[in-house]
Each structure stands twice: as C-alpha cells, then as structure tokens.
Amino acid sequence: MRIGVLGAGNMAEALAGRWVRAGHEVRIGARTPAKAAALAGRLGCAGGGLRDAAEFGDVVLLAVAHEGALDALRAAGAAEGVLAGRVLIDCTNPMAPPFEAPLTGDGPSAARRIADASGARVVKAFTLVPDGVWRTSPPMSGGRPLGVPLCGDDADALAAVEVLVRDAGGVPMRGGSLARAALLEAAAAFIVGLLVAGEDPSAMLVPVAHMGNPR
Ligand SMILES: NC(=O)c1ccc[n+]([C@@H]2O[C@H](COP(=O)([O-])OP(=O)(O)OC[C@H]3O[C@@H](n4cnc5c(N)ncnc54)[C@H](OP(=O)(O)O)[C@@H]3O)[C@@H](O)[C@H]2O)c1
C-alpha cells in the first residue's frame, strides 16, 4: 500500500516504522520538511512536506497534536480536495489534563471535524495504545494480542485499515460507525486519566466469558 503520514512525532515514527518493515511504501510529511526527511532517513522511506505525503498516500495517517489537526489538513491541501475520498486514519486524541472532558466539548468529535474538513473516508484508530508498544515486537497487551478498535463508515476504508492494523502487529476490532468515534475519544481521555492517577485501566475489564448480557 502507499501510505502518507502527516506528522513526524512519536506515533508517526512508531507506526510508519512497522509499515515500512511490513513492505509498504511510506512517505512522511511534516510542517518542517527537514524533520520529516530526518525521520524518513531513520526508517528507510521518503520524507518531505505535508502535501507531498497527502498526495502520495492511498491511505493517510494523521498523526499530529489534536490542536494542529485542522492546520495540518489545510497544509496538506484539504481545501483543494487533495484528501477527498482518500482513506484517512485519525489517531488524534482530543484530550489534556485534567482529562475531565474531551477538548471537543459538546461539539462534534475530532474525527467528525477531520472528516468534514478533508472529505476523506476517515477511520478512527490507534488511539488507545502508547507509541512505545508499537516499537516492541510483537506489540502485546499483557501477553495477549493487542486489539485496535476501528470506527468508520466506509467498508473499503475499514478493510484497508484492518490490513494496516495487522501489519503493525495488532488485531482489528469492529468499533462501529464514525459516530462512535466520539465514544472512543471520550474513552481515551478516561483511560489516560486513570493512568495519570496511577491506576491500571486493564484491571477494570473482565474477560468476555464473564460479561453476561451487556445492558
Ligand atoms: N504518543 C502516543 O502514545 C499516542 C497514542 C495514541 C494517540 N496519540 C495521538 O497521536 C497524535 C500524535 O501524537 P505524538 O505522540 O506522535 O505527538 P508528538 O510526538 O508530539 O508529534 C506531534 C506532531 O504534530 C505536529 N504538529 C503539531 N502542531 C501542528 C500543526 N499546527 N501543523 C502541523 N503539524 C503539527 C508536530 O510537528 P512539529 O514537530 O513541527 O512540532 C509533530 O510532528 C496526537 O494527536 C496524540 O493524541 C498519541
């Protein structure tokens, strides 16, 4: 697959590294093209500006800070239709201390805003796992396979992202429609709030065999 990565930070490095090693063609783009080129050099792929990466990718990963997401889409040519119809993976978490509410407030989810601003087929994914886990081989969750919930509306886009989850070493989970991305974003903020409080979020989930009928 041809994958464009918007951002040259931790998540860009962790996921792009796995996809390069899985044999995908990856192009990193950042607002400072030299940073993208430096990361690309380390990973063994191409790097440059945000628009180059967006134009390159059949699938585009948006891996910038929540606050910079709409700026990054603009710089990638969203207003000119560069991202329209492309598969866009949104891994952004609209959260900040004290993690009491998503930074999107009562408005649409970050994923919805990203879809509206880009015209892309957005899949929310890769939001719950710290980048360091993707750097371990294989990436594991306490000795179990690492589940990655996906929220999106387009079946072909979801299928493409499922492939990339597997190629990163994870197991795709059916998270439902893009409307449910709002729940995933809130869940991420809640889970990180638990971590910051020194709690183990995995301890609150019981094995599915003990779940009974969810209400
Ligand atoms: N790290 C994790 O464990 C993790 C896990 C799940 C989800 N996420 C989400 O993934 C996203 C990236 O996280 P990260 O840890 O990779 O962050 P990071 O290492 O801080 O990198 C952030 C990237 O965003 C870029 N950026 C910030 N503002 C921008 C703007 N206005 N226009 C264009 N680019 C901009 C930065 O560019 P410069 O280098 O030029 O500043 C940098 O490339 C975040 O939304 C985060 O919530 C992170």
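1. In which loop is P138 found? P138 is found in the loop between α6 and β7 (140-141). Helices (H or I, at least four residues) and strands (E, at least two) are DSSP runs, numbered from the N terminus. A cis peptide bond joins S137 and P138, with omega about -10°.

2. A note on the basis of these remarks: this is a predicted model, in which local features need pLDDT of at least 70 and side-chain atom pairs count only at pLDDT 80 or more, while totals for chains, interfaces and linings use all residues. Residues are numbered from 1 along each chain as its sequence is written, and side-chain values use heavy atoms, with hydrogens and water left out.

3. The loop between β5 (87-90) and α5 (110-118) holds P98, and F99 lies in that loop between β5 and α5 as well. The peptide bond from P97 to P98 is cis, with omega near 10°. For F99, phi is near 55°, which is a positive value in a residue other than glycine.

4. The ligand is surrounded by 23 residues, and the closest are M11, R31, K35, V64 and D131. Helices α1 (10-21) and α4 (69-75) each supply at least two residues of the shell.

5. For V64, a backbone N or O atom lies 2.7 Å from a ligand oxygen; for M11, a polar backbone atom is 2.8 Å from one; for A8, the value is 3.0 Å. The protein covers 77% of the 900 Å² of accessible area that the ligand has on its own (Shrake-Rupley method, 1.4 Å probe).

6. The structure holds two aromatic pairs, meaning rings of Phe, Tyr and Trp (its six-membered ring) with centres within 6.5 Å; planes under 30 degrees apart count as stacked, over 60 as edge-to-face and the rest as tilted. The rings of W19 and F126 have centres 5.8 Å apart and planes at 75°, so this pair is edge-to-face. The pair links distant parts of the chain, 107 residues apart: W19 belongs to helix α1, and F126 to the loop between β6 (121-124) and α6 (131-134).

Technical notes: Near = heavy atom within 4 Å. Polar contact = N/O pair within 3.5 Å; in protein donor to acceptor, adjacent residues only side chain to side chain.
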